Amino acid sequence: MLEYLPGTTLPVTKEAPEDAFASLSPIFAVSGGGLLLSQVTEMTGLGASTIQNWVKRGWVSSPVNKRYSEVQVSRILLINLLRPAMRLEKIVRLLRYLNGSVDSREDDIIPEPKLYSLLCAMLFELSDCDKITHESIVTLIESRLEGYEGPVPDAAERLKTALSIMLMNMAAAMLMQQAEAIFERAVPPDNG
């Protein structure tokens with residue numbers, strides 16, 4: 001089981017495995033109109049300059065009145081949780097493939113808070129698997145998207161493709177972390 005909510009420094013709550021973004025609702029409820037940059041940095045562990053750079057590069061839409069909305073925060077969380085697994089440019093390209101422009105909600109195949117929760121739910125499920133394969137990922141995606149109909153004819157296929165890419169990359173990153181931990185425990189350091 002995952003210890004932290006993916007892409008954050010927050011401990012997992014009991015509702016997180018099925019609706020990760022909803023577990024953040026109390027934070028948004030208290031903030032009244034979005035989160036300040038300092039709150040986003042505390043939640044994500046990212047530096048303020050990193051988030052501001054993402055905004056400057058057009059990867060995250062600009063905050064309104066210095067506050068980040070649920071959509072903006074979910075996009076930051078998605079980028080942050082995929083960073084160990086994928087290059088930033090590819091993450092952003094994949095998010096554009098799904099949801100087009102960061103400044104428009106009309107071209108979205110899936111709202112980003114929902115995408116974040118869906119991806120997290122699948123990560124929680126995969127974290128309990130003994131063996132992760134491409135087939136197990138495809139089966140998981142198929143079961144989670146059963147009955148999904150998006151706003152455009154190819155929405156379901158695009159979403160399945162994007163989720164498959166995300167999950168395969170994240171599985172590879174988890175394996176690399178496990179290999180690194182084994183290496184550090186087993187191989188003595190060089191003393192020369």
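Predicted model: local features only at pLDDT ≥ 70, side-chain atom pairs only at ≥ 80, totals over all residues.
Side chains of opposite charge can pair when their charged atoms come close. Counting with a cut-off of 4 Å between a side-chain nitrogen of Lys or Arg and a carboxyl oxygen of Asp or Glu, you get 8 salt bridges here.

| Pair | Closest N and O atoms |
|---|---|
| Arg57 and Glu89 | 3.7 Å |
| Glu125 and Arg144 | 3.1 Å |
| Glu157 and Lys160 | 3.7 Å |

Let's start with Arg57 and Glu89, which form a salt bridge. This pair ties together distant parts of the chain, 32 residues apart: Arg57 lies in the loop between helix H3 (48-56) and strand E2 (67-68), and Glu89 is in helix H5 (residues 88-99). Arg57 is partly exposed, at 41% relative accessibility, and Glu89 is partly exposed too, at 38%.

Next up, Glu125 pairs with Arg144. Here the link also joins distant parts of the chain, with Glu125 in helix H6 (residues 112-127) and Arg144 in helix H7 (residues 134-144), 19 residues apart. Glu125 has 37% relative accessibility, so it counts as partly exposed; Arg144, at 26%, is partly exposed as well.

Glu157 is partly exposed at 49% relative accessibility, whereas Lys160, at 19%, counts as buried, the cut-off for buried being under 20%.

Note on methods
Residues numbered from 1 in each chain as written. Heavy atoms only, no water. Helix = DSSP H or I, 4+ residues; strand = E, 2+ residues; numbered from the N terminus. Buried < 20%, exposed > 50% of the residue type's maximum accessible area, 1.4 Å probe, protein only.
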